[in-house]
Amino acid sequence: WIESSEVRLPSPFCILGRGGFGTVAAGSFYGRAVAVKTLHHGADDARQTAALLNELRVLRYVRHPSVVLLFGAMIDQCTGGLALVYELIRGAK
């Protein structure tokens, strides 16, 4: 687990993307650029949380140059929900 105090999110948030399950925002983790994925809250909370937990279960063991690195999980202080912290990969748009 990552303590939420270890992850810095700029104010206002720098949103990298939004999808069906959640939002991804840029931040930093001990000076390293990260992407923080948080869930949308709504009617499918149980299904979304199960999908995010499955992602956590699988990616915590994956180490491959072609797969984004998962640093860990934390509790989002704004929502009280689960958030995943990934390395931030910058690429061409």
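The model is a predicted one, in which local features need pLDDT of at least 70 and side-chain atom pairs count only at pLDDT 80 or more, while totals for chains, interfaces and linings use all residues. Residues are numbered from 1 along each chain as its sequence is written, and side-chain values use heavy atoms, with hydrogens and water left out.

**Entry on the strands.** I began with β3 (residues 22-29) and β4 (residues 32-39), which pair in the antiparallel sense over eight bridges. I noted glycine 27 opposite valine 34 in β4. The two strands form a hairpin with two residues between them, and in the turn tyrosine 30 has a positive phi of about 55°. On another pairing of β3, I found strand β2 (residues 14-18) joined to β3 in the antiparallel sense over four bridges, with cysteine 14 opposite alanine 26 and a hairpin of three residues between these strands. I then followed β4 to strand β6 (residues 82-87), where the antiparallel pairing runs over five bridges, and where threonine 38 has alanine 83 as its bridge partner.

**Entry on the aromatic rings.** I count rings of Phe, Tyr and Trp (its six-membered ring) as a pair if their centres lie within 6.5 Å, calling planes under 30 degrees apart stacked, over 60 edge-to-face and the rest tilted. How many aromatic pairs does a search of the whole structure find? The search finds two. Phenylalanine 29 and tyrosine 30 form an edge-to-face pair, 5.1 Å centre to centre with 65° between the planes. For cover I use relative accessible area, where buried means under 20%, exposed over 50% and partly exposed in between (1.4 Å probe, protein chains only). By that scale phenylalanine 29 is buried at 16%, whereas tyrosine 30 is exposed at 64%. Phenylalanine 29 also forms a tilted pair with phenylalanine 71, 5.6 Å centre to centre and 45° between the planes. This pair links distant parts of the chain, with phenylalanine 29 in β3 and phenylalanine 71 in strand β5 (residues 70-75), 42 residues apart. Phenylalanine 71 is partly exposed at 25%, and ring pairs link Phe29, Tyr30 and Phe71 into a cluster.

**Entry on the salt bridges.** My rule asks for a side-chain nitrogen of Lys or Arg within 4 Å of a carboxyl oxygen of Asp or Glu, and by it I count two salt bridges. In one, the side chains of arginine 32 and glutamate 87 meet at 3.7 Å, N to O. Arginine 32 lies in β4 and glutamate 87 in β6, so this pair ties together parts that are 55 residues apart in sequence. Arginine 32 is partly exposed at 42%, but glutamate 87 is buried at 17%. Glutamate 55 forms a salt bridge with lysine 37, and their closest N and O atoms are 2.9 Å apart. Here glutamate 55 belongs to helix α1 (residues 45-59) and lysine 37 to β4, 18 residues apart. Glutamate 55 is partly exposed at 21%, as is lysine 37 at 25%.

Notes:
Two strands pair if DSSP finds at least two bridges between them.
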